[in-house]
Amino acid sequence: VIVLPPSPGFHKRVTDVHIARLHNAYEDGVRQLRLLYKGKGDDIFLDMFEDEYFNVTKGARLSIEYLMNDASTLLPPTQTPLTGIPFEKRLPNGEVERTRRAMQVFFLVRQLVVNLLGEKDVYLPLMPTGG
């Protein structure tokens, strides 16, 4: 994920249509997580939610150079983990991986919305970090 700081005149290029589409993507992510939440126990879902939040927020950023040098990006999309392709570069396989991917997408879209609107995220993380 490449996150660029806003450039001068940035808000002039982001229109209300763009903001509305981002909010729609965010709401779709919320709906998908609600559906996945109903199928799991509270503790399991919240543990996964917390783990994925910290993985996404402090995970390594993908660079274009890294992706261009990785041969797995030239292969057709695969779902099975047996190929040795990491989860971040393949389609999810099974309910747990689909839930993880939905959480990752939710966090990334949420982070994009917060950054574009220049807001401060006061809701995540759920528990204060000790660092």
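How many helices and how many strands does the chain have? The count comes to 5 helices and 0 strands, where helices (H or I, at least four residues) and strands (E, at least two) are DSSP runs numbered from the N terminus. Read from the N terminus, the order is simply α-α-α-α-α.

This is a predicted model, with local features needing pLDDT of at least 70 and side-chain atom pairs counting only at pLDDT 80 or more, while totals for chains, interfaces and linings use all residues. Residues are numbered from 1 along each chain as its sequence is written, and side-chain values use heavy atoms, with hydrogens and water left out.

On confidence, the mean pLDDT (the predictor's confidence in each residue, from 0 to 100) is 78 for the chain, and 80% of its residues reach 70 or more. Helix α1 (residues 10-13) sits lowest, at a mean of 60, and α2 highest, at 87. Where pLDDT is low, the predicted coordinates should not be read in detail.

Now to the packing of α2 (residues 16-38) against α5 (residues 95-117): the angle is about 150 degrees, with the axes 9 Å apart. Axes here are lines fitted to C-alpha atoms over the stretch in contact, and angles run from 0 to 180 degrees between N-to-C directions. The two helices are therefore roughly antiparallel (over 145 degrees). In contact (heavy atoms within 4.5 Å), α2 contributes residues including L22, Y26 and L33, and α5 residues including M103, F106 and L116.

Buried residues (under 20% relative accessible area, 1.4 Å probe, protein chains only) make up 27% of the 131 residues in the chain.

Key. Angles under 35 degrees count as roughly parallel, over 145 as roughly antiparallel, 65 to 115 as roughly perpendicular and the rest as oblique. Buried means under 20% relative accessible area, exposed over 50%, partly exposed in between (1.4 Å probe, protein chains only).
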